[in-house]
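Please consult the sequence and the structure as each topic is taken up.

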Amino acid sequence: MKRYAIHKTASAPASRTMGSIALAIAVTAFLAKRVGLVEADVFALSLASAGAFALIALLLALIAFHRIWTLGGPGIPAALTGTFFALIALFPPALVAGMLIASPGANDITTDKFDPPEVKPQTVATEQPFLTWTTSVLEEKVWPVVSERSLSGLLGNIEPDQRASDIVPRRYRIAPGRLHVAGAKALENLNWTVVDELPPDLLDAATRLQAEGATPVLGLKFDVALRIRPDRVGALLDVRSRSRTPLRDVSTNAGQIRTVFAEIDRVLLETYGDIGRLSVEESDLEETLEPELIETPQSVVPLPGFKPYFEDEVEPEGVSPDVSDLAG
């Protein structure tokens, strides 16, 4: 009986090997970024290389399936394993790329876009050439196409400057100094590290806080600044959240601001009970910043009710000491 040679495809084991390499790179990059061992640029490049290896693994698996279907022979388990590893390795790069495309302009969110709270510049990472180039390409070529084709329903809630109706300044019926203490307590409860602070020297003086936090999944660093100023109601609170990298996580800067508001409300509720908290519209900001006089101004400076007398004062010539002073 004549036996025919069994065809063995080399694409199937190659697909499994490439898929294993892609999965290893993706998992290693994720864990290294989560614990802070690599910078954002290295993380993004690692994910890009993992995605490239995963695409090659998928291509080799397709070639293996085609050869096995037409010529026969073993290799199905190896090709399926390579496909499975490649799909898992493709998920992190696809997720990061999707967040970059679906979240334009969300790198820096503030409640006051005309006069935002100050963020110390030394806490912002600037050496990110790969991510900077990627963001510029997205701004020039991708985001305009997304806006023109109106894909916001498919990619999520895309806003030009990511300003929602609740991301506005807030007034509190409480002294600025006490609101500062509540804000510091809220940042402590959120496990965010305060890196800069202008404490109140008076109960109604303007103050500020700046804290550093990290996103829950990738551990991406961001800065949150709180600015508290006296207001006609009590205190005016502005919050700003700025990412140190264009990368995205499950939590956004707008979400960080909402978290700060919610935690401050919880601290104030536990401390003082139910107090008034008002959102401020942009048209009301100019009115808010105008100083308000506590007392009615007087047009004439009042004269003292008596004339001070000193024993060593020299009497003017021609005036008798026993003559009474009419001005007194």
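Is the crossing of α6 and α7 left-handed or right-handed? The crossing of α6 and α7 is right-handed; a crossing is right-handed if the near helix is turned clockwise from the far one by less than a right angle, and left-handed if anticlockwise. The model is predicted, so that local features need pLDDT of at least 70 and side-chain atom pairs count only at pLDDT 80 or more, whereas totals for chains, interfaces and linings use all residues. Residues are numbered from 1 along each chain as its sequence is written, and side-chain values use heavy atoms, with hydrogens and water left out.

**Packing of α6 and α7**

- Helix α6 spans residues 176-189 and helix α7 residues 253-272; helices are DSSP runs (H or I, at least four residues), as are strands (E, at least two), numbered from the N terminus.
- The two axes come within 9 Å and cross at roughly 120 degrees; axes are lines fitted to C-alpha atoms over the stretch in contact, and angles run from 0 to 180 degrees between N-to-C directions.
- α6 and α7 are therefore oblique to each other (under 35 degrees counts as roughly parallel, over 145 as roughly antiparallel, 65 to 115 as roughly perpendicular and the rest as oblique).
- In α6, the residues that meet α7 include Leu179, Ala182 and Ala186; their counterparts in α7 include Ile264, Val267 and Leu268 (contact means heavy atoms within 4.5 Å).

**Salt bridges between separate parts of the chain**

- The structure holds 13 salt bridges, each a side-chain nitrogen of Lys or Arg within 4 Å of a carboxyl oxygen of Asp or Glu.
- Arg227 and Asp112 pair at 3.5 Å, N to O; Arg227 lies in strand β5 and Asp112 in the loop between β1 and α4, 115 residues apart.
- Arg227 is buried at 13% relative accessible area, and Asp112 is buried at 5% (buried means under 20%, exposed over 50%, partly exposed in between, with a 1.4 Å probe and protein chains only).
- Arg171 and Asp231 form a salt bridge at 3.1 Å, N to O; Arg171 is in strand β2 and Asp231 in the loop between β5 and β6, so the pair ties together parts 60 residues apart in sequence.
- Both Arg171 and Asp231 are buried.

- Arg266 and Glu270 meet at 2.6 Å, N to O, and both lie in helix α7, four residues apart, about one turn of the helix.
- Arg266 is partly exposed at 35% relative accessible area, whereas Glu270 is exposed at 59%.
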